[in-house]
Each structure stands twice: as C-alpha cells, then as structure tokens.
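This report walks through a structure part by part for a reader who has not seen it before.

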Amino acid sequence: MTAGSAPPVVAPPRATVAVHRLPQDRWRAPEIVFWSIPVAVFFALPGYLVLGSQILIVGLFAVSLDLILGYAGIVSLGHAAYFGVGAYTAGLLALHGWGEPLSGLVIAGVTAAAVGWVAGFLVLRGEDLTRLMVTLGIALVLYEAANKASSITGGVDGLSGMTMWKILGMFKFDIAGRVAYLYSLVVLFLLFLVLRRLVNSPFGLSLRGVREKRKRMPALGASVREREIAIFTVSAGVAGVAGALLAQTTQFVALDVLAFSRSAELLIILVLGGTGRLYGGLVGAAVYMVAQDILAGINPVYWQFWIGALLVVIVLFARGGILGGLEGIYARVRRSGA
Amino acid sequence: MIANLIGVLFDGIAYGALLFLISIGLSVTMGLMNFVNLAHGAFAMVGGYTTVMLMARLGVPFLAALPVAFVVAAVVGAVLERVLYRRLYKASHLDQVLFSIGLTFMAIAAATYVWGPGLQPIELPRFLIGPVKVLGLDLGAYRIFLVALVIVITFGLVLLVERTRFGAQVRASVDSQQASAGLGIDVNRVFSLTFALGSGLAGLGGGLGVDVLGLDPTFPVKYMVYFLLVVAVGGAASIKGALAAALILGIFDVAGKYFVPDVGAFVIYVLMVVLLILFPAGLYGRRG
Amino acid sequence: MKLTRIVVAAVAALLTCAASAQEPIKVGAVLEVTGPFASLARQIENGIRLYMARNGDTVAGRKVELIIKDSQGAQPDVAKRLVTELVTRDKVDFIVGFALTPNAMAVAPVVTEAKVPTIIMNAATSAIVSKSPYLARVSMTLPQVTMPIAQWAAKNDIKRVYSLVADYGPGLDAEATFKKYFTAAGGELVGEVRTPLKNPDFGPFIQRIKDAKPQAVFIFLPAGEQAVAFMKGYRERGLAEAGIRIIGPGDVVEDDVLEAIGDSALGAVTTHQYSAAHDSKLNREYVKAYTEMFKIRPNFMSVGGYDGMAVVYAVAKKLNGKIDGDKAMEVIKGMKIDSPRGPIQIDAVTRDVVQTVYVRKVEKKDGHLWNIEFDKFDNVRDPGT
C-alpha cells in the first residue's frame, strides 16, 4: 500500500468466488467421497447424530444462501426470514393435527418460496446496501410479527408439544436422533441433486453472468430481473425446507429461527466454506458447528473472538474459504505434477 | 395534549440527534470510500467504554471525558483504517460486510473479556438530570443537552465541508476519486482523516449514549440496525440526508409508540422498507 | 526386605484408592453462557460454583463433576441437543440450569424419556414444571412474585395503577397476573401498554402514563438495559415529582443492575423472593463469600444456582450416592431447604418452589442502593396463569 500523494493503489481484486470450468454434470470422485462421509458417520458415531442432523440442516440452509449469494451475487442479511417461515409452517401444521412429515416439508417449502417471491420484488431494487437493508428489514418485521402473534407462534417461549407421525408410516423419530439424521440426510441429498442440476444448467450459467457483469446481460437478451426473482424464490423455498426439517426433527420452533444472529451466522458459515461452489455451504456448516461444539465448550468468549479473527483473515487473505483454499492447493499440485 | 405531543416529539428529536451523531461517520465512509462498515458501532462502543472508565477509575467529570472519547475513537479508527480497512476499498461489498462482522465479533469478545457482559453504570452530572421547564413544557435536561450539542456539531461539520479546503477535497473525492487524484489531491489522506473523524464522532456519540442507550459488550450489534437504517434511508455521504433520516426515524419511532403502541415496534422497520422502495438510493442519495 | 514392605504398602494403598474411587456424580448444567443473556448465566454459574466451593465437591463418597454446556442464548434446539448429548453420551445423573423459559421447555421430552432429574434454576414461566415429571424448580415463577405486589398495592391505598410491560411471554404473564389480583382486591387499572422487546426509548410511553395520572405504574421489563432505560425516562419526565410510584415484581430492580440504574430507582416498591440485603446470618455470609469470590453482587439468579446445587447434594446424600431418576424425584418432592433468601420448599405435587415473597423498597445504605425488605407474604405458591 503506498503512502504519500499517489492515488490509492490496491491489488486487483481476487474473486471470493471460484472461477469455473465449463459446467458438466458428471459426478467427480471427490463428490462421491464427500457423500459417503455422512453415511459413514451414521454408523461410526452413533452418539453424535443429533449434532449431525443439525449440521445437515444448517448445511442445507447455507446451500440455499449460496444460490443467491454465490451464484447470483445478491447480498442478504435476512435469509433467516424464509427459514423461519418454513419452520413455523411445519411446526404449526404438526401442532394442529397434521403431523405427517413429508407433506409438511413440502407445504413449508412452498409457503417459504411464496414469501420469497413476494419479498423478491421488494429486495431486488437498488444497490447492494439497499438490498442489504431491505432483506434485513423484512427479517426484522417477520421477527416482530412472530413475537407479537404469540398466541399462534408461542412468542418467545416457542412452539412446543407437537408430535410427528412416522415417516412413510414406518419410521418413528427416536431420542438418539437416528431417524432424524437419516431423514435430514435424504432430504438434503435429494434437494442437492436438484440444485446441482440447476446451477449447471443454462439458467445457472446465466446467473453467473448476472453476478459478474450485470449491465451486459440485457445485451445478450437475458432479463436480469426475472432471473434474480426466480433464484430468490427457489432459495427461499430451500431455506424453508431446512427450517421445516429443524422443526420436525426437534419438535420445537423457537423465535430465534427468525433472528438476525441466524442470518449473520449463516453468512459466516457460507464464506468459511466458500461461496459459489454449492458444496461450500455444507463444508462450512460441518467445520463451523463441529468447531463451535468443541471450542465453545472450552471457552465461549474465546470462540467469538477467534471466529471474528478468522473472518477477518479469510477476507484479507483467503477469499474463497476452505474450498477455495483446497482448489488452490489442488491446482498447484496438478501444475507441479503434470 | 399539544404540550404532551411536543414533549414526545422533542424526545424523538433528541433520540434522532444521537443516532445522527453516531451514524454520520458511517454515512461518510459509505459514500466516500464505498465501504459497508458494519463495525461502526464498535467505535461508538470504544467511546462509551472510554467515557465510563475515565469517570469511574480516574474520576474525570463527564463533560471532560467526552472529548477524550472522541479522540480515542478517532485514533483507533485511524489505526484500523491504515492497517486493515485500506486493503478492502476495492473489494466487493460482501467481503466488506464479512470483514466488518469479523471485527465486530472481535470487539464484542474483547469487551466481554475486559469488562464482563453486564451493563455499565454511569453517573451523569447533577445539572443534566431531571426535567427542565421550557416554555411551559417539561423537557429532559439531558435531551436538551444532546440536541444542543448535535446542533453545534452539525454546524461545525457543514462549515468543515462547505468552507474549508479539506472539505472541498472530501467533496471532490466523493464525486470522483480518479479525477481528484488527477488534480493532485491526496485521496489516501482524505480517506484516513475522514474515517478518523467519523469514528471519533461515533465515539463521542457512544459516550453520550451510555445513559440513553445503555452500554454493554453487545452494543455494536444491538444498534447496528439503526445506524444502517439512517445511512440507507438518508443516502450515503450526505449530511443533510443522514440528519433528515435520523430525525424522521426518531420522530416516527417515538410518535408511533405514543399513538399506536401496539404496533410501535413495526413502524420503524416498515417505514424503512417503504422509504427504500420509494428512494432506492436514499433520500438525498446520488443516483447511479 | 524394607523394599518389599514399601512395595506392599504402596500396592495396598493403590488398591484401596482404586476400591473407593467410583464414578463421579455427573451434573450437566445447560446455561446461556454466550449471547445477550450472558450476565444471567454468569450469576447462576457463580451460585453453582460457590455452593461447590463451600460444601466440597464430594458427596456420599463420590466426587461431583460439573459439566457446563452453552446454549448460546435463547436457542431451544441447541439446548435440546445439549441435554440429549449430556444424557446419552455423558450419562449425567442430574441436569440443572436454564435461565430462559424456551430452553427449559424444549428439553422436557428428553428428560422424561431418559428419566433424569432436572432442576430449573431460573426460568420463570408457570407451565414449565408441568411438562415433565422429572422437572423441579428452585427459583420462582413470575405469577408467584407478581401476585403479592398486586395485593400489597391494594391494601396500601394504591387504587389507580397504569400497567407497562414488555411485549413478550413473561411480560404478558405479569400483566395478566397483576390485573387479576389487583382488580380482585378492588384496584383499578387506568391504562395498560405493552412495549416492544427491543425498545431503546420509553419517552412516549412514559408520557402516556403521565397523562393518565395514576398513583403508581406497574412495570415488568426484562432485567438489564430495558429496566435502566425505563427508570431514566421515569426520572427525566418527572414522574416521581408527579407522585407516581413504581411498583412491580423485583426483576426490574434486581441486584445485578440496581447500581447501573442509579438513583432514579429510589423509592420503587417491588416484591421478589431474594434481596442481597436480606437480613439473615445465612445471607450475610452468602453475600460476603460471593462478593469475595466473584467481585460482584449476587442476585436472585445466583441463589437459584446455589439452592439448585443444594438440592443435588441433598438427593445424593439421601440416596447414598446411587442416583435413580424416580427415587431422586421422590426425595425432591417436599424437600425443604434453608436458602440465603429464607426458607423454601419444593411442593410435593407440583414440584415447584413454595417460598416467602418479600416486599422491598429501594433505599440507599452506605452510599449504595439496596432492596430493603419491609413486609412479606409467607408460603406463596405459584398461582398459575
């Protein structure tokens, strides 16, 4: 960095998002290895399945944020709004007699997507700061509304006392969390397949165009607005499914599903893992929540400090998060090997 | 009835004045350096803890502690700008958001470690406590003090921006960094000084706010929303805009709670969303 | 020869150690250590640790091992997971803690299924203990400490009251309880308002109160800066000069924040189960030991932590170290404890605390603010909501 009267000289920005090769839909070896890990965990670590389901759920939530943040470049500080809508929908359904998990999940997802669609028209105006504020504002309004409507939502005390029916009439949610874990894993995997297909499709490509060079897109005949609203809706729906999963597996919905801290934490998790790679959200969730479980137990104040420091370091030196770092190493290895 | 209304409005104005004082630094940072700094509340917190410490440990009177709070926060701001913030001016807004969230976490953790999680008590000087009769109305002495101080500071800022050379340099750099640099303006120095000034004002606001807003380690996140609100609604880099936005928000928040207490909390957020829909670049923001 | 004797002695000593060394009694504490409620959790944790420091960490031949888990604020899903892990992985004998109601509510089904005795050390909503036969409470419920102030006010010539509560579960409970018992005793509620939970400025609400000219304002706000903000507004708008007193449950002037509120709190009359100024030998020693160890004043939550551990130790002693869920609950039901706050009892049927609720006034003594008790209501049960 120069001092004196020279104009500010800053190194050219290294993207926080990966530079992609042409997308292809074939499953690569690392992906297969990746998905075998949660399966292995199920058999190898039966005492950690409750933590495991929560990691899977947060992972799904993070993936939903990646859709708008990593792929379409929309900055949101209020993604918990859709997570919360999904959670309350599923929770209320179960509380009022409809405890069927799968249909509850679908209804919650659709409801959250609908809310996201409406919100999209409000959010997708103006520049980054405006969008930030509007996403934040929407989440805050929903939070206050849920708090006020405590006769419906249970307010601060939360929604409890719901019983979930057996999944497919066969599997009952158990205290050790085995069924919850597998349920979350299957839902995550299926949704992930769909989204993976989506981001590698022409639509997905056009999203990257939106993120990189917004102003040029209309020249290609592509409508930016339509695409943004579409992906925002999908993202909200996926977030809603994640929220519903949480409600169903814990049989409890707390007001904090809509809290700002959830949105902020999600952002950290996604950046930690690496944006724009779809897997980043999952990696980030796993690393963050495991680290939190271990370290926060030792000293909670230190945890907050070091997470803050980590964030600063990532932004300054390691944009691209964990996956970005891994890709860099991989690229270097390939170069030296070939 | 009218007297009550005016009393309530004055409260709103005082509250808005405090918000403005803390937020103006953020507004300028955003407009000048195009940097989304969510850690701005932390500078206010630095000012707050400085004030409390000076008063409690060294017996410094409140009015003398405030300028020190300003200076300390300004220095912290200057140092951080030089060492950290400068590297991210050309970075994406997302990076800036994340970076400043990280800084905020560090600040909160450090404050918790040093001072504990509880609320900091503060003893205001006698003459600033209680109601004062002004034209037959009962107004809070402290609020009058706040409003008066902010009026003076605002005049000072406007003078600085409109009448001094430095102010001209700031305005030029806001309009176009490249052109200003081309004219030989040391844009780096302008950034540093402006950032320091903004942080200092935040620190001063933090010290003033200990009594009104309460001071504990979570201060930066608790009030961050309000600061962002002022900047987003007012439009970045606009003193007029920030002032207008802060006053509007202060008054509406207060009036909303007085007239329709049941939905009081919503008013401010809904108002913000509405204003942003109508004015995506803020009330006085620059378009494009 | 000498060497052999030494070796034999050493081996014998080791064997005796091994024989008496048993599994420790594991107590899992779930507290909101980080996040906005950290100062609450801090008091509870201090109370727990103080009890263990003063009474040793061995009961009935077994060591007591404390495992503290952080639910990071009001996060019931985290609390539920932590309790599940404590119960299945760590195999704890007791669960204790919970500053907040949502966290306590969420864990009820888990402790029922695992049959682990669980002591609520602070969470104050009436319904909690009914959610599981393995839950017992040593702290208080909001209706329990609110009912007496309503009755006291009516008895003491305060007939017109304005109610201001924070708009969330506990606030609404307090409002409902006060309304019920105050109007039943002949009082009149001249107005009521519910303030937003994150409200930084009470100006407009206080103005409304002044307009209505009540004799007193009943308030319930979450302990912390809300209480501070209200008191400052009260002082600024001259409500004391207008003859409007402050009444309510003691949360708003609790010992942890009383000094931060400052002189604006003087004269407030509240009802609560604990004041650090409580005049008993037991409490004086408690406050002294606490202040020496932690450098801050103990508040009612610390007493919840302290007495909760007393219950744990008493159960362990009674059952001779063999902790069984159902037997433990039998011991807990009807248990009497000599607490720093005064005598308390765990009701044999509801498993909730029955205790004396004191009426206190905020006064200055030796340059510091204290809640000085001047009247009381004995054997108050939770009246429910």
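Two strands count as paired if DSSP finds at least two bridges between them. The model is predicted. In chain C, strand β2 and strand β3 (residues 62-70) are antiparallel and paired over 2 bridges.

## Strands around β14 of chain C

Strand β14 (residues 353-365) of chain C pairs with strand β11 (residues 269-272) of chain C in the antiparallel sense, over 4 bridges. Within this pairing, C:T270 has C:R360 of β14(C) as its bridge partner. Strand β13 (residues 342-346) of chain C also runs antiparallel to β14(C), and 3 bridges join them. Here the bridge partner of C:I346 is C:V353 in β14(C). The two strands β13(C) and β14(C) form a hairpin with 6 residues between them. In its turn, C:R351 has a positive phi of about 65°.

C:K364 stands opposite C:L369 in β15(C). The hairpin formed by β14(C) and β15(C) has 2 residues between the strands. C:D366 in that turn has a positive phi of about 50°.

## Domains of chain C

The domain assignment of chain C gives domain 1 as 20-140 + 279-351 and domain 2 as 143-272 + 358-380. The C-alpha centres of domain 1 and domain 2 of chain C are 29 Å apart.

Where the two domains of chain C meet, 11 residues of domain 1 are in contact with 10 residues of domain 2. The side of domain 1 of chain C that touches domain 2 has 4 nonpolar, 6 polar and 1 charged residues.

## Helix packing in chain B

Helix α2 (residues 40-58) of chain B packs with helix α3 (residues 62-83) of chain B at an angle of about 140°, and their axes are 8 Å apart. Angles over 145 degrees would count as roughly antiparallel, and α2(B) and α3(B) are therefore oblique to each other. Their crossing is right-handed. Residues making the contact include B:F43, B:V46 and B:L54 of α2(B), and B:F62, B:L66 and B:F70 of α3(B). The contact of α2(B) with α3(B) divides into 13 nonpolar, 4 polar and no charged residues.

Helix α9 (residues 219-234) of chain B also meets α2(B): the axes come within 8 Å and cross at roughly 125°. α2(B) and α9(B) are therefore oblique to each other, and α2(B) passes α9(B) in a right-handed crossing. On the α2(B) side, the contact is made by B:H40, B:G41, B:A42, B:A44, B:M45 and B:G48. These residues meet B:F219, B:P220, B:Y223, B:M224 and B:F227 in α9(B). By class, the contact of α2(B) with α9(B) has 8 nonpolar, 3 polar and no charged residues.

## Contacts between chains

The contact between chain A and chain B takes 39 residues from chain A and 44 residues from chain B. On the side of chain A that touches chain B, α5 (128-148), α10 (260-273) and α12 (300-317) of chain A each supply at least two residues. The largest share, 11 residues, comes from α5(A). This side of chain A has 28 nonpolar, 7 polar and 4 charged residues.

Chain B also meets chain C, with 28 residues of chain B in contact with 29 residues of chain C. The elements of chain B that each supply at least two residues to this side are α1 (2-33), β2 (137-140), α8 (187-213), α10 (239-259) and α11 (264-278). α1(B) gives the largest share, 5 residues. The side of chain B that touches chain C has 13 nonpolar, 9 polar and 6 charged residues.

Terms used
Residues are numbered from 1 along each chain as its sequence is written. Chains are lettered from A and ligands numbered from 1 in the order in which they are written. This is a predicted model: local features need pLDDT of at least 70, side-chain atom pairs count only at pLDDT 80 or more; totals for chains, interfaces and linings use all residues. Two residues are in contact if their C-beta atoms, placed from the backbone, lie within 7 Å. Ala, Val, Leu, Ile, Met, Phe, Trp, Tyr, Cys and Pro count as nonpolar, Asp, Glu, Lys and Arg as charged, and the others, Gly among them, as polar. Axes are lines fitted to C-alpha atoms, for helices over the stretch in contact, and angles run from 0 to 180 degrees between N-to-C directions. Angles under 35 degrees count as roughly parallel, over 145 as roughly antiparallel, 65 to 115 as roughly perpendicular and the rest as oblique. A crossing is left-handed if the near helix is turned anticlockwise from the far one by less than a right angle, and right-handed if clockwise. Domain bounds come from an automatic or database domain assignment.
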